[in-house]
There are 4 protein chains.
Amino acid sequence: MKNPAQDQLRVGVFGGSGYIGAELLRYLSAHPSVSISWVTAHSRAGRGIADVLPNLRGAVSGNFISQAEGEDGSSGVDVVFTALPHNESQDLVPKLVEANPELRLVDMAGDFRTNDPAGYEKYYGCEHTATDWLPRFVYGFTELQRDKLRGARLVANPGCFATGMLLALAPLAAAGRLQGDVCLLGLTGSSGSGNKPKQTTHHPERFSNVRSYKPLAHQHLLEVESFLGTISGEDFSLQFVPQSGPFVRGIFTTVFTPGVGAGELAKIYAEAYGAESLVEVIEGSPDLRWVQGSARSWVGVGGEGDNGVVFTVIDNLGKGAASQGVQNMNLMCGLDETEGLRAAGGFV
Amino acid sequence: MKNPAQDQLRVGVFGGSGYIGAELLRYLSAHPSVSISWVTAHSRAGRGIADVLPNLRGAVSGNFISQAEGEDGSSGVDVVFTALPHNESQDLVPKLVEANPELRLVDMAGDFRTNDPAGYEKYYGCEHTATDWLPRFVYGFTELQRDKLRGARLVANPGCFATGMLLALAPLAAAGRLQGDVCLLGLTGSSGSGNKPKQTTHHPERFSNVRSYKPLAHQHLLEVESFLGTISGEDFSLQFVPQSGPFVRGIFTTVFTPGVGAGELAKIYAEAYGAESLVEVIEGSPDLRWVQGSARSWVGVGGEGDNGVVFTVIDNLGKGAASQGVQNMNLMCGLDETEGLRAAGGFV
Amino acid sequence: MKNPAQDQLRVGVFGGSGYIGAELLRYLSAHPSVSISWVTAHSRAGRGIADVLPNLRGAVSGNFISQAEGEDGSSGVDVVFTALPHNESQDLVPKLVEANPELRLVDMAGDFRTNDPAGYEKYYGCEHTATDWLPRFVYGFTELQRDKLRGARLVANPGCFATGMLLALAPLAAAGRLQGDVCLLGLTGSSGSGNKPKQTTHHPERFSNVRSYKPLAHQHLLEVESFLGTISGEDFSLQFVPQSGPFVRGIFTTVFTPGVGAGELAKIYAEAYGAESLVEVIEGSPDLRWVQGSARSWVGVGGEGDNGVVFTVIDNLGKGAASQGVQNMNLMCGLDETEGLRAAGGFV
Amino acid sequence: MKNPAQDQLRVGVFGGSGYIGAELLRYLSAHPSVSISWVTAHSRAGRGIADVLPNLRGAVSGNFISQAEGEDGSSGVDVVFTALPHNESQDLVPKLVEANPELRLVDMAGDFRTNDPAGYEKYYGCEHTATDWLPRFVYGFTELQRDKLRGARLVANPGCFATGMLLALAPLAAAGRLQGDVCLLGLTGSSGSGNKPKQTTHHPERFSNVRSYKPLAHQHLLEVESFLGTISGEDFSLQFVPQSGPFVRGIFTTVFTPGVGAGELAKIYAEAYGAESLVEVIEGSPDLRWVQGSARSWVGVGGEGDNGVVFTVIDNLGKGAASQGVQNMNLMCGLDETEGLRAAGGFV
């Protein structure tokens, strides 16, 4: 890998061969203030990064290293991203930070998103073994956490469904308009399942299919309810249904707001996001296509009379993972928040 | 076209070159008790049916005829399907039936689905010109209208979204469990837009896209609310959001039932559909794929505690149009209800 | 399973849970002269067939049985299909036929398609252990083998790519117009890879992808060259490139015929297939879509001046596997060749 | 639009709302040495660029202007791209250049790609009206025309299929290995048809389809044969078949090279492209996916013994249009050839 320029951040990535890690590398390689120092990959250590990820040819050089090498290498970087499977970060992160107290770290997994070990165990199926680290993390839903993220050392990057939901729900909560049963649905692409082939992502069976899973029981409810609890004291119950669609990238989220009409919604989101660089608000439905490959999100509002609907579209690998991670890194390190994130995706 | 066997129904189809008409021809050509007498097509009159619809090569012979020829030919058939654009049936149907009082007719358009001319004008954008014919039609949601359909002469076939909704909603209404704001969402394939190319079905822009349209204002609400009103006197408000997905066939409908848990739902649908030949009930989510190319529908139920979710999957061109039309024809003519409708679609 | 009617063939299927087996069940369940006696599935034995293959709900009843049970059950059926992975049939078939000399058997694998054990070992990577059985099989490319198939007991069903190639090549060979380097390409859908998830059929990586594999070295060359050798004594060399496309069903084959123009091609194929019920010939390119879910094939011809191109489209699971198997079974058992095979696929 | 920095090129784009124009804007907006001065769009003049092309929100500001306004504005820019329908550039370009002799211009259409007006009329269906301008243009297949492109004022950007072909054919021609009938096939995505909906790009009919068109007669043969004629004096005949696949972006080209084996091919392409920044050479097949959204191309080689196959993959909107246009602009204007073109596309 190239030597960093004088003023560039040196960044290491744990877990660079998964889809989230690969997208992180895409954003980081185009970031003018970043130099990628090293990238680990469990089973690909020793192989050329751009051999495993041919899209990065010309953009990222060097080989994947092992996780042990990454742990050693953490002393030589300014920022670390951990893009590992759930339950692995809680082992690695304490070691890394204790050995390198100055390190800034963004965790892409579910391990540090709430201060609720019992909820973690319920939703992620294993006991949390680093509970004292939980309160040290800032939850990285950037637009509403900007003040806490500036200068933060440890950030838990939100989940993809959580991001799609919060874009709609957080401003509603702040406006005191989240009440009773809140029905919402998120339709996701297949990249959300990761790079390991399985039956539900087997092309012949996914190509033309739609199905739901974990209705009302998805693990991202944990962090969404926890974060909304910091905004609103009102009593509401999220009825969230995740679904799988026959496309690769993006999440289309729909939130029903009976009693809150399109006009009121337009005002709430204009106020919430009017000054944002990476969130657009429109009347009507956005197209999921508009955000694929991009760091940008859209919120659309519609409805009839007093009843409304909110739509959000994000790239699950972008705002739902890698680009929000970089956005948070920018804030943590005092850079312009949108640096490295302004490139447009294709129109088609 | 071949001469009908002694005991075969002679059937004519108006509008056979559209997607619904083409699917009707597919079902009718495989129906052992049906002989297709003629098929009209506005702009394709004179062309070979299997030249315009190559999938029907070997299954349907002859040429499309003009609408005028179809009107003349209606005296020589037992059953007519009208698969014309909305607003055209109300002109044609009275003429046909007055000239041929014995004719049995299934209208596939929105023209005769309710006895609510004002609602029709609101949702379909033009005044209804045959309002005295409205009460003569039976609404053909087969599973709940079987008694009225047996022997009926005039049937209004339900809309595709309406069918996906009613499969879930009608049993809830019958069970008195439809109350307050009922949030539901239908995700449809591109064939629902018909065979005329337009921007929202332009392949480069639809291939990987999801979007919503007419949120809370889709015209099928008219017939669904009207029909549910005949079942339940309760007060409820449907909050329906239609969406477009990147696939061709099928509608995946999701209904939120806070306060009605999965266990109760399972009982309601087992009772409603347990004896049905063409409707399956399962725990969890069905796959949309299971119904593509088939006359069969699935209802799935799930949830957490007292809160539930209902999923339905239909083929929008099958149960949402052509196969329900044939199912209704079978009842109207005293045939076995599932005749011609039992063929399975592919696993992939 | 239901009892067979007096005059129905009793059919057993080995390997009914794979994609080819599932499609066989779809065709057999709709075949008026067939009663499915039993179906084996290695890992699914004991499970309901229509639970594993929900598309068959209402069409096929009963549970999958084990292979051992199928071996026992072979004495009670008239016809057996073996739809097992390559290399397994050569163990099973001799046992079955020795125990049941009257049995008619269609093997869907590559094991018995040529009388060339050395070629088999080269292309399929293992020694053939039943070489004395090879000459007992008829190669089941129906349209050119009809005379041998009538009354045959043992039939080796052609491979999917082989079928797409032979539809174009066999008439050329018969016309003495296959010479020199013959360049051809077959683009296949993902169902050709079977139902086991792997990286090349992982939805995120296949959704929008095209790639080639085994260029000039695909194992179906073995049977194609062998079969063409029985037709033509000319010297030619097939340059075949298989490719994978982002769809599920079908193979689009393109054959270059420099020196043989469109006019001559049209005559060759009109003569070859003009009387065929399940093969259509047209000028220009067919659409792959026309054959998906159907037993029908299309051959198209085009070109400029003396240089031509031939296109063939087949459903890899239909004419490329299951429907050709049933077509062969019909001939073997003295039924109408197209019985159970006339149903049309959808227009979209 | 923003004011250009001191050292930025001022660029105007004619035809910015089509797919090629939109992709040009995507590349130009990310180009550090470019400032977009204005963009025309026939029917969208007056509308916000990022309203018509929402993917460009935050990347391109301002409104589309009319073509007349663009003609006036050409005096204030350094470079113009003309991304208009075929046959329109030949009217516009002479006017623009006569009025602004210093202007540098890249034409994206077919109008100025050869010095063969008769061929143009044959393939593009209309007489060429600016034949004296033809010899003034440099054909912009960058990798083989670099010397002529440096400092050129007028460049004709190659067609998308032509680029996919030439990547394989030009080095073969230079090596004297292009002889006899050269069979090749290009499979393209739907974006190649442009943004006007039509039947062949209607989603229900394209979703799962493959078809061919203009076999051996595609208009890009004109420029390919013309350009290869400048490299090789040998006698060969291109047998090119274009095909349409069910994806949006990219062209996968396959060239048969009987008599030229994989080893020799590997040497030819290593020599041709070993020093290239934007072309990769590998053994075996590339994945089309690797180039979608990127300026990079791949060449793969394979085969058996003395017979070979060459594969090329390009993004039809990238190297096949917009990114090659920018690559050429960089050379014309003395910039680093890859400036603005190094960003990676996604892995999925």
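Predicted model: local features only at pLDDT ≥ 70, side-chain atom pairs only at ≥ 80, totals over all residues.
## Contact between chains B and D

The contact of chain B with chain D takes 13 residues from chain B and 13 residues from chain D. Helix H8 (residues 203–206) of chain B gives the most to the side of chain B that touches chain D, namely three residues. The residues on that side of chain B comprise five nonpolar, six polar and two charged.

Chain B superposes on chain D, with an RMSD of 0.0 Å, by a rotation of 180° and 0.0 Å of shift along its axis. Among the residues of chain B, B:His203 comes closest to the rotation axis, with its C-alpha at 2.2 Å. Because 100% of the interface residues of chain B are also interface residues in chain D, the copies meet through the same surface.

## Helix H7 of chain C and its two partners

Helix H7 (residues 160–174) of chain C packs with helix H9 (residues 220–229) of chain C at an angle of about 25°, the axes being 10 Å apart. The two helices, H7(C) and H9(C), are therefore roughly parallel to each other, and their crossing is right-handed. From H7(C), the residues C:Phe161, C:Ala162, C:Met165, C:Leu166, C:Leu169, C:Ala170 and C:Ala173 meet C:His220, C:Glu223, C:Val224, C:Phe227 and C:Leu228 of H9(C). This contact of H7(C) with H9(C) divides into 10 nonpolar residues, one polar and one charged.

H7(C) also packs with H11(C), at an angle of about 95° and with the axes 8 Å apart. H7(C) and H11(C) are therefore roughly perpendicular to each other. Here C:Cys160, C:Thr163 and C:Gly164 in H7(C) meet C:Lys319, C:Gly320, C:Ala321 and C:Gln324 in H11(C). The residues of the contact of H7(C) with H11(C) are two nonpolar, four polar and one charged.

## Helices H6 and H11 of chain C

Helix H6 (residues 142–149) of chain C and helix H11 (residues 318–332) of chain C pack at an angle of about 30°, with 10 Å between their axes. This angle makes H6(C) roughly parallel to H11(C). The crossing of H6(C) past H11(C) is right-handed.

The contact is made by C:Thr142, C:Arg146 and C:Leu149 of H6(C), together with C:Gln324, C:Gln327, C:Asn328, C:Leu331 and C:Met332 of H11(C). By class, the contact of H6(C) with H11(C) has three nonpolar, four polar and one charged residues.

## The enclosed helix H1 of chain C

In helix H1 (residues 19–29) of chain C, 11 of the 11 residues are buried, so the helix is largely enclosed by the rest of the structure. Among the buried residues of H1(C) are C:Tyr19, C:Glu23, C:Arg26 and C:Tyr27. The buried residues of H1(C) pack against strand E1 (9–14), strand E2 (34–39), strand E3 (79–82) and H11 of chain C, together with H8 of chain A.

## The exposed residue C:Gly176

C:Gly176 lies in the loop between H7 and strand E7 (180–188) of chain C. This residue, C:Gly176, counts as exposed because it has 11 C-beta neighbours inside 10 Å.

Leaving aside residues up to four places away in sequence, C:Gly176 touches C:Ser232 and C:Glu234. C:Gly176 and C:Ile231 are 55 residues apart in sequence, and their C-alpha atoms are 9.2 Å apart in space.

Note on methods:
Residues numbered from 1 in each chain as written. Chains lettered and ligands numbered in written order. Axes fitted to C-alpha atoms, helices over the stretch in contact; angles between N-to-C directions. Helix = DSSP H or I, 4+ residues; strand = E, 2+ residues; numbered from the N terminus. Parallel < 35°, antiparallel > 145°, perpendicular 65-115°, else oblique. Left-handed = near helix turned anticlockwise from the far one by under 90°. Contact = placed C-beta atoms within 7 Å. Nonpolar A, V, L, I, M, F, W, Y, C, P; charged D, E, K, R; others polar. Buried ≥ 20, exposed ≤ 12 C-beta atoms within 10 Å, placed from the backbone. Least-squares fit on C-alpha atoms with pLDDT ≥ 70 in both.
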